[in-house]
Amino acid sequence: MAKNGGPANDAAPKDRRRERGEASVQRIIDATIELIAEEGLASVTMQRIAEHVGSSNALVVFHFRSKENLFRAVLQYLSDRYDEQWVTLVRAPGLSPVERVLGAVDCAQRFARQHPNWVSVFVVFSSDRKSMQIYNEIGLPSDLAYTAEARELLIEISRSGGYGGVDIDTLSESLNYLVHGAWYWDHLNPSSRDTNVLRKTMLLLLHQAFPRHFELMP
C-alpha cells in the first residue's frame, strides 16, 4: 500500500500532528504552572492561560475542556516528574538501604532547587480548600507511598545495623514533615532555597537514630 500512496504515506503527517498536539498541551501546562506559582489559583482562568501561552482560548478548551481538567493535568504532570526523580535516586539497582535513604534526601532538596515553580504549585494545591480535593486524589497517594517506602528502608537499616529503640514511625513522619515544611517555607521565602538547612536537618535526625550509618554535614 505504501507504493500506491496508501496509509503508510499518511503516517508521517499523523505523527507530526500528534507531536504538535503534545507540544501544545505541554506549553499550556507550563504556562499554567507559571501563573499558579506567581499568582495562586484564584486569578487563573482559561483565557489568561491562553494569553500567557500565546494561543486562543478555544485551543485550551479543546485540549482540556475545563479548568479543573487542566489543574488535574498540571498536578499529574508534577507528580510524574517527582516520581521519575525518586525512581532515579532511590530505586536505582544496586543501592544499599542507606544509599536509598540518602537518595530520598537528595530528591527532596534537588527538586526544590531545580524547579521552584513546581514546588510552589504543589504548595498552592495543598493549601487551597477547593484544589486540595484534587491534591488528595493525585498528589497525596504518592506522598504516602514515598513515606511508606522510606519507612521500610529505615526498618531495614535499624534491623541490619542492630539498632534498638528507634521510633521508626516518628522518624519517617518527621522526615516527611521536614520536606513539606521546607517546601512551604521556600514558597514564602524563596531566598532560603539555596541553603542546606533541609539536608542538614534530615541528616541530623538520621545520625541521631543511626550514628554509624549517617554522617553529619559540616
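These legends describe close-up views of charged side chains in a predicted model.

**View 1. A patch of positive charge on the surface is formed by K14, R16, R17 and R20.** One of these residues, R16, is part of helix α1, which covers residues 7–39. R16 has a relative accessibility of 45% and therefore counts as partly exposed.

**View 2. D15, R18 and E22 are joined in a network of salt bridges.** In total, the structure contains 11 salt bridges.

**View 3. R81 and E84 form a salt bridge.** The closest N and O atoms of the two residues are 2.7 Å apart. Both residues belong to helix α4 (residues 67–90), and because they are three residues apart there, about one helical turn separates them. E84 is partly exposed, at 44% relative accessibility.

**View 4. D106 and R110 meet through their side chains in a salt bridge.** The N to O distance is 2.5 Å. The two residues lie four residues apart in helix α5 (residues 97–114), so they are separated by about one helical turn. R110 counts as partly exposed at 32% relative accessibility, and D106 is also partly exposed, with a relative accessible area of 22%.

**View 5. A salt bridge links the side chains of R151 and D169.** Its N to O distance is 2.5 Å. R151 lies in helix α8 (residues 140–161) and D169 in helix α9 (residues 168–188), so this pair ties together parts that are 18 residues apart in sequence. D169 is partly exposed at 41% relative accessibility, and R151 is partly exposed at 29%.

How values were computed
Residues numbered from 1 in each chain as written. Predicted model: local features only at pLDDT ≥ 70, side-chain atom pairs only at ≥ 80, totals over all residues. Heavy atoms only, no water. Patch = residues over 30% accessible without salt bridge, like charges linked within 9 Å, V, L, I, M, F, W, Y side chains within 5 Å. Areas by Shrake-Rupley, 256 points an atom, 1.4 Å probe, with all protein chains shown as cover. Salt bridge = Lys/Arg side-chain N within 4 Å of Asp/Glu carboxyl O. Lys, Arg positive; Asp, Glu negative; His and termini not counted. Charge placed at Lys NZ, Arg CZ, Asp CG, Glu CD. Buried < 20%, exposed > 50% of the residue type's maximum accessible area, 1.4 Å probe, protein only.
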